[in-house]
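Try each task first, then follow the solution step by step.

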Amino acid sequence: MTENLNDIFTLPMLALRGLTVFPGMLLTFDVERPASIAALQQAGKEKQLIFLAAQKSLNADLPKEEELYHIGTVCRIRQQLRQPRGNLCRVMVEGLYRAEALHIDTDSHGYSAELRGLPDRPERMNADRLEALQRKCVSLFEDYLHMNQDMPAEQILNVLANPDATYVAWYIAQNLRVDADRKQSILESRLPGQRLALLARLLSQELSVLSYEQELNAETQEQMNREQRDYYLRQQMKVIQSELGEDFGSADDLAEYREKIEHLDAPDEVREKLSKELSRLSKQPFGSAEAAVMRGYLDVCLELPWNKRSVETVDIAKARKILDEEHYGLEKVKERILEYLAVKQLSPDIKGGLLCLVGPPGTGKTSVAMSVAKATNRKLVRVSLGGVHDEAEIRGHRKTYIGSMPGRIIAGISQSGTSNPLMVLDEIDKLGSDYRGDPSAALLEALDPEQNATFRDNFLELPFDLSGVFFITTANDRNTIPRPLLDRMELIELPSYTDEEKLQIAKRHLLPKQRRKHGLKGTQLRVDDAAIRAIIRGYTRESGVRTLERELAAICRKAAAGIAEGSFRSLSVKPEKLEGLLGPVKFKPDELRLRDEVGLVRGLAYTSVGGEVLDVEVAVVDGTGHLELTGNLGDVMKESAKAAVTYIRSRASELGIDPEFYKNKDIHIHFPEGAVPKDGPSAGITVTIALISALTGRPVRHDLAMTGEITLRGRVLAIGGLREKTMAALRAGVKTVIIPAENEADLAEIDPTVRAGLDFVPTDHVDKVLDLALLPKEAHGEETRGALPIPAAGERAGVRQ
């Protein structure tokens, strides 16, 4: 090394992390990196001289040349102290002068640098201005020391003892607690005046930051003092209450409530409201009834998941697998749910949905909703609305009443623990209303996606966001759902199951479930397909599969009892064994009549348990024009019969009927079975054909069934329940079915087996099917007239045509 600073020389180099050393200053630091240890050892051979420069990134363990500042300080090693653990070495260095590294060798065995001294440039600043800058820096540094209580105030004396501007800048910069980048800018400045100006700005910034820190510390300390004061006061109140015999722990409860409100993840409006309630609670006297109401209110509000949401899955393949595993058929429902998930996948911000599953009992509406919750990874909440008459059941009671509680919707949200569950509103068509209000009207806000983001429960008196809830409602009859509610829901029809679908459901789901429930293995109980079909035909009459499951459970009980008693080791159920296990056949199938008869027509009806074949009998006798309607008929069905009579009167001449029949003939129309209530317009065409047959003496085809509403002009209008009615026709052995032309499009929804087994004849007017339904009178003699066949015995549910 040379004494001329303009000469180029080489020295060992040590990279500093987060530190900067200035000329004329002492610095103590720890060295642990192998490259730095090697540089210290090399410095021992260079008169204890070493070049120290800061690295730009603290994370670099072996920084490259571009990751190092090239301007640093040549230092003399004053002291080295090896630590007992590892390679750690504590070093004290003294900065000598500033230097610039022209090239840095970043060898991992020890850094070295080609250096050239970097003296200050001649000062161009006015001496007075330079003196003013120096005094300002000293004054600011003195303030800095006062604000940093852990820094010795004597440091200001070291600054005042040496008036040199360069020394003042180096000393103050060395003792400032700022990051290395800002210290580096001061080290690289070669003009003393510019260096002091930089230092003054840096000191001003640090003083501003320290001022804010002191304000924050003062606020924190004040808050701690206030909390400590409150604590002492509460303890004193607790002692006083204990002395007065009023020690019921209210202070601890209030503190617990206060902490819960502070940590509650809810809108500001909610926390503000709860804080006011807590303030009112704290002023209530001991034993106050109102205090109990307030506590109940706070407990309910604090338990609600205001902003807590469960993570919803949008894996369509997984959802499809779950739905297919748990339910057979129901393709429309599955398709709609998968469409919802697909939209959710493409648009994650979409809000919860609203579906209404409508179908007969036992068709799986509630279980489908549960599977949807599982497929979407939502919490499930089930709310039964059957028989609910009070509006407060939906909206809750006012909290001013003792024993008040939130409505069923908010209670379900609280139970689920999330604000976006899947909520099943079961039996929505069975809501009632009386003097206590209309629950269906209260549901309007909850189910309307434009309003439910601010749903207000009477108990909460706060808006709760229901827009993330996926509502699924279930109903048996869409006609009894209030119209405003129906308008807000997307309806999905769940039709009755066909016999083949019931067979598959029994094999895949019901029988394995009952085996597990009764502790039976598959080898211990076998039920073949023919036996299941026989159970469906002879022991059940329903749209769903609930009765079928009960019959299978009865077989499982018989099997379990026999195996437990040792009567047999396994049971194989075949059709011929059913009578011994389940008793006599409960329902005999509707058999096809063997001959064509006058005045007897086979109609089709839709009941709560599916489709039924319903015979219509008409007898015409001499009389005075009296019309008799029997069979427990409703008003709509009676009006259909009267419309049919009027149509025939208007067409009597064309039909070959005595125009005066309504004066000299008595007509009796009967619908077996007489004890079963019947109503609906779809028997119109059946009654018309039966009347024409009886009045003309033309027999009706015995292999024909029909359904359709009739008008005064003979037009045939659309009906409902075509799928179920055609299934009943096929079971009864019918070959041809007359349906309204408007229902021809519904044939696409009919089971393929039914479509293949029946011949459908669409019509829009009665005249077009007379020749199809009625046989010529000449082909049959009077032997066709006589007693009408007696329908098969068996209990039937109420029929709706």
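Predicted model: local features only at pLDDT ≥ 70, side-chain atom pairs only at ≥ 80, totals over all residues.

What volume does the second largest pocket have? Residues are numbered from 1 along each chain as its sequence is written, and side-chain values use heavy atoms, with hydrogens and water left out.

**Exercise 1. The second largest pocket**

Task: find its volume, then describe its lining.

Step 1. Start with the term. On a 1 Å grid over the protein atoms alone, a pocket is an open set of points with protein on both sides within 12 Å along at least five of seven lines, whereas a cavity is a set of points where a 1.4 Å probe fits but cannot get out; lining residues have an atom within 4 Å of a point. Grid points are joined across faces, edges and corners, and the volume is the space filled by probe spheres set on the points.

Step 2. The second largest pocket comes to about 670 Å³.

Step 3. Its lining holds 31 residues, and nearest the centre are His327, Gly362, Gly364, Ser367 and Val545.

Step 4. Two or more lining residues come from each of helix H10 (316-326), helix H12 (365-376), strand S8 (380-384), H17 and helix H19 (546-565). Helices (H or I, at least four residues) and strands (E, at least two) are DSSP runs, numbered from the N terminus. H17 contributes the most to this lining, seven residues.

Step 5. Sorted by class, the lining of the second largest pocket has nine nonpolar, 11 polar and 11 charged residues. Here Ala, Val, Leu, Ile, Met, Phe, Trp, Tyr, Cys and Pro count as nonpolar, Asp, Glu, Lys and Arg as charged, and the others, Gly among them, as polar.

**Exercise 2. The largest pocket**

Task: which residues lie closest to the centre of the largest pocket, and which element gives the largest share of its lining?

Step 1. The largest pocket contains about 1500 Å³ of space. Among its 48 lining residues, Glu493, Pro495, Tyr606, Gly721 and Glu724 are the closest to the centre.

Step 2. Elements supplying at least two lining residues include strand S13 (490-493), helix H17 (499-517), strand S16 (600-607) and helix H25 (722-731). The largest share, four residues, belongs to H25.

Step 3. The classes of this lining are 19 nonpolar, 13 polar and 16 charged.

**Exercise 3. Salt bridges**

Task: how many salt bridges does the rule count, and where do the partners of three of them lie?

Step 1. Side chains of opposite charge can pair when their charged atoms come close. With a salt bridge taken as a side-chain nitrogen of Lys or Arg within 4 Å of a carboxyl oxygen of Asp or Glu, the count is 41.

Step 2. Lys273 and Glu277 form one of them, at 3.8 Å from N to O. The two are four residues apart in helix H8 (residues 268-282), so about one helical turn separates them. Lys273 is partly exposed at 22% relative accessible area, while Glu277 is buried at 3%. Buried means under 20% relative accessible area, exposed over 50%, and partly exposed in between (1.4 Å probe, protein chains only). Lys273 and Glu277 also belong to a salt-bridge network with Arg280 and Glu461.

Step 3. Asp448 and Arg488 meet at 3.4 Å, N to O. Because Asp448 lies in the loop between helix H15 (439-447) and strand S10 (455-456) and Arg488 in helix H16 (residues 483-488), the pair ties together parts that are 40 residues apart in sequence. Asp448 is buried at 12%; Arg488 is partly exposed at 27%.

Step 4. Asp615 and Arg602 bridge with their closest N and O atoms 3.1 Å apart. Asp615 is in strand S17 (residues 610-622) and Arg602 in strand S16, so this pair joins parts 13 residues apart in sequence. Both residues, Asp615 and Arg602, are buried.

**Exercise 4. The largest cavity**

Task: what is the volume of the largest cavity, and which element gives the most to its lining?

Step 1. There are three cavities of 30 Å³ or more, and the largest has about 60 Å³.

Step 2. Its lining includes Met13, Arg33, Asp61 and Tyr111. S1 gives the most, with three residues.
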